[in-house]
Amino acid sequence: MADRLVVLHRGILPPNAGAIERLADTVYATEEELPLLLPGADVLFCWHSITLAVAAAWPEDPALAPGWVHVAAAGVDSQLFPALVGNPNVVLTNSRGVYDQAIAEYVLGLILALAKDFPGTWEHQRRREWRPRDSERIGGRGALVWGTGPIGRAIARMLRAVGMRVTGAGRTARADDPDFGTVHAGDGAGLRTALADADYVVLAAPLTQATRLMVDASVLAAMKPGARLVNIGRGALVDEEALARHLADGRLAGAALDVFAQEPLPAASPLWDLPGVIVSPHTAGEVTGWRADLADLFLDNLGRRKEGRPLRNVVDKDKGYVRATLPMTHSG
């Protein structure tokens with residue numbers, strides 16, 4: 001008997017919908033329709049991934065909850081609500097691996113844009129102003145990549161390739177890491193030294209209870225004067241009010257922000273207008289073909305489930321991310 005699959009969407013369906021429908025009894029639900037269609041489903045595919053609708057629609061009776069939830073994103077923070085996390089019969093998977101290279105390229109682009117002041121060049125062009133000026137090199141500059149998962153590692157390799165000095169920050173300190181060299185513990189004294197040495201601090205950590213607001217006023221104060229912050233992780237990793245203050249007073253030279261605590265970023269946010277700040281609308285991983293890659297990963301997992309094979313990208317629900325040491329099994 002085919003699984004009953006609910007696909008949560010916001011107007012755009014997966015490009016391989018026909019292939020998915022051949023493997024499962026598929027219904028499509030908007031956020032408004034989800035409370036009616038989710039109870040009793042075997043599988044939930046969060047094609048629209050950053051939403052609180054799943055928590056709001058989750059069945060009170062655990063027996064009516066889906067046994068597998070797949071998120072079309074690397075971050076699963078929106079789905080880490082108590083009823084899902086606390087139900088041992090619910091397996092959560094994500095789209096780890098889809099975004100790694102695209103986001104690494106985007107981070108390199110942002111760092112180049114900040115160092116070479118491309119926004120200023122484009123503004124001068126718009127005004128028809130001929131304004132020669134010096135720019136900065138990135139070779140030899142220090143980058144601290146905070147988050148040592150696949151995306152962080154891809155970023156580290158990309159930045160090393162252009163001659164930057166790269167270190168990492170994560171849960172556990174270690175030396176001789178193949179991508180980061182040195183990894184500092186996120187709550188250790190070594191992190192303060194790394195922050196003081198880094199010209200660019202790149203945030204690539206998942207959003208969990210442990211990482212929420214990890215970049216607070218004290219961390220921003222520990223950063224090197226004139227340094228820049230790049231955030232492609234989650235907006236809630238950063239105390240945005242404290243960041244705005246450090247940018248406004250000139251202690252930090254700038255920031256490139258692709259994610260925000262509230263999205264879309266409210267028009268009243270000072271981050272729109274602060275000098276040296278690049279705001280982009282959560283698009284670091286959205287390259288040509290990205291939707292097809294996300295949909296194909298889910299289709300592969302759906303086939304694995306049907307055949308009784310282990311699922312890819314099983315999330316440790318207590319940690320909030322995929323751990324390579326976890327047994328890749330599923331219920332159902």
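Visitor: Asparagine 16: buried or exposed?
Guide: This is a predicted model, where local features need pLDDT of at least 70, side-chain atom pairs count only at pLDDT 80 or more, and totals for chains, interfaces and linings use all residues. Residues are numbered from 1 along each chain as its sequence is written, and side-chain values use heavy atoms, leaving out hydrogens and water. Buried means under 20% relative accessible area, exposed over 50% and partly exposed in between (1.4 Å probe, protein chains only). Asparagine 16 has a relative accessible area of 12%, so it is buried.

Visitor: Which side chain makes a polar contact with the side chain of asparagine 16?
Guide: Asparagine 16 sits in the loop between β1 and α1 (17-23); helices (H or I, at least four residues) and strands (E, at least two) are DSSP runs, numbered from the N terminus. Leaving aside neighbours within four places in sequence, asparagine 16 is in contact (heavy atoms within 4.5 Å) with Ala295, Asp296 and Leu299. A polar contact is a pair of N or O atoms within 3.5 Å; within protein, one must be able to donate a hydrogen and the other to accept it, and residues adjacent in sequence count only if both atoms are side-chain atoms. Asparagine 16 has such a contact, at 3.4 Å, with the side chain of aspartate 296.

Visitor: And what joins up with the side chain of histidine 48 in a polar contact?
Guide: Look in the loop between β3 and α3 (53-57) for histidine 48. With a relative accessible area of 15%, histidine 48 counts as buried. Setting aside neighbours within four places in sequence, histidine 48 touches Leu8, His9, Arg10 and Glu31. The polar contact, 2.9 Å between side chains, is with arginine 10.

Visitor: Which residue caps the N-terminal end of α10?
Guide: In α10 (residues 240-248), Glu240, Ala242, Leu243, Ala244, His246 and Leu247 are buried. Their cover includes α9 (217-222), β11 (228-231), β12 (254-257) and β13 (277-279). Just after α10, glycine 250 takes a positive phi of about 85°. At the N-terminal end, a side-chain oxygen lies 3.2 Å from the backbone nitrogen of glutamate 241, and the residue it belongs to is aspartate 239.

Visitor: What about α6, which residue caps its N-terminal end?
Guide: Leu112, Ala113 and Lys116 in α5 meet Phe118, Pro119 and Thr121 in α6. Just after α6, arginine 128 has a positive phi of about 60°. The cap at the N-terminal end puts a side-chain oxygen 3.1 Å from the backbone nitrogen of glycine 120, and that oxygen belongs to aspartate 117.

Visitor: Why does arginine 153 count as buried?
Guide: Arginine 153 lies in α7. Leaving aside neighbours within four places in sequence, arginine 153 is in contact with Thr148, Arg174, Asp177, Pro178, Asp179 and Phe180. Arginine 153 counts as buried because its relative accessible area is 19%.

Visitor: How about aspartate 176, buried or exposed?
Guide: Aspartate 176 is in β8 (residues 174-177). Its phi is positive, about 60°, although aspartate 176 is not a glycine. Its relative accessibility is 73%, so aspartate 176 counts as exposed.

Visitor: What is the relative accessible area of leucine 213?
Guide: Leucine 213 sits in the loop between β10 and α9. Leucine 213 is another residue other than glycine with a positive phi, near 55°. Leucine 213 counts as partly exposed because its relative accessible area is 44%.
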